[in-house]
Amino acid sequence: MVEISLQMPSPTAIQGLSSPTFKAPPFRESFFTVPELYDWHSVHSKDHPYFVYFDETTQTNITIRWSDAVRAVHFIANHVMRIVGEQEHGAAKPLIGLYSSADTLTYILSFVGILRAGYPVFLISKRLAPAALEHLVTKSGVKHVFVAEHDKILSNNIQDIQSKLCARIGVSHIPFWLDTLSPEFVVQKPPMGQYNPEDICLVLHSSGYGERDVCGQIMSTPSIPTAGASVVMESIYPVSKIEQEVLAASGLVLSGLKPSSPPTSIDAENVWKSMVSTQSTFGFVLQSFLGVSDILFDIFVTFYLLTTVTALVGGP
């Protein structure tokens, strides 16, 4: 744990007091960075669910546990450090862009993996117009961009900017989450970076509820586009009191569509079916998906009978 003196409030609700698999970090005694929280849970909450999805092939829910998630984070962190290079102590850290249409699980693990490698992250929306992309890449000073292997169009977009501006911006592939779990790879725990609370950690661009124990509750997020504040919420802040507590502090479980490369296209039907199949009790839903057809009405009603909280997101 990094020794940093910060005046930060302690969590107002301790999560998972009765959970057999989740142990809340000792926030009242220690300060944790996000990468340290993930490492902590790989030891203390390794069997607790991290992400769940419904597999149409087997007709069963597949659970990714914290031990698997942190292995993937370490795999990605090592991958990023091999490509970008480890930074000397005290040297300025290059800004790393994540510009990808990867599935929710792969995107979240990629985001945390880049943080674990010790680099600041710029989450770039795949929906940006070329002019907006060029402007943000230029103004942010991003030095290297990671894309999913299937993201041919996105890779070309960055390469077009390189050619137009004569800018030296590296472009590399981010691993698919399933590759990170392959037994043929021995994943070494990467060295923990030195984090200065005054350094930039995250760059975003823009296109709470009452206290309760949410440990073990399942929050469905498949309809929320990755990039920007949404993936930060899913990686760090998806809890009952969003502004104070974190995923790694609460034991909340995420759910979504089955991870795939390229990712499954979302629509109202597979989003609502995923919510019901994974027995989600919290849901973040695009407003446009509330206009359900008669075919989806029974699924819609079933979800509302199961759910605790449904948050509407996205523009009208």
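## A walk from a loop to a buried strand

Start by selecting Q279, which sits in the loop between α9 and β10 (282-286); helices (H or I, at least four residues) and strands (E, at least two) are DSSP runs, numbered from the N terminus. You are looking at a predicted model, in which local features need pLDDT of at least 70, side-chain atom pairs count only at pLDDT 80 or more, and totals for chains, interfaces and linings use all residues. Residues are numbered from 1 along each chain as its sequence is written, and side-chain values use heavy atoms, with hydrogens and water left out.

Stay on Q279 and check its backbone: phi is positive, about 55°, although the residue is not a glycine. Q279 is exposed, with a relative accessible area of 56%. Here, buried means under 20% relative accessible area, exposed over 50%, and partly exposed in between (1.4 Å probe, protein chains only).

Next, select Q59, in the loop between β1 (49-55) and β2 (60-65). Its phi is also positive, near 55°, in a residue other than glycine. Q59 is partly exposed, at 49% relative accessible area.

Now go to P262, in the loop between β9 (253-256) and α9 (268-277). The peptide bond leading from S261 to P262 is cis, with omega near 0°. As background, most residues other than glycine have a negative phi, and most peptide bonds are trans.

Move on to S45, in the loop between α1 (34-44) and β1. Is S45 buried or exposed? S45 is buried, with a relative accessible area of 1%. Show side chains and find the polar contact of 2.9 Å between S45 and H41; such a contact is a pair of N or O atoms within 3.5 Å, where within protein one must be able to donate a hydrogen and the other to accept it, and residues adjacent in sequence count only if both atoms are side-chain atoms. Leaving aside neighbours within four places in sequence, S45 is in contact (heavy atoms within 4.5 Å) with T21, F22, K23, W40 and W66.

Finish at strand β5, residues 144-148, where 5 of 5 residues are buried. H144, F146 and A148 point one way, and V145 and V147 the other.

- β3 (residues 96-98) pairs with β5 in the parallel sense over 3 bridges, and G97 has V145 as its bridge partner.
- β6 (residues 170-174) pairs with β5 in the parallel sense over 5 bridges, and V147 is partnered by H173.

Methods: Pairing = 2+ DSSP bridges.
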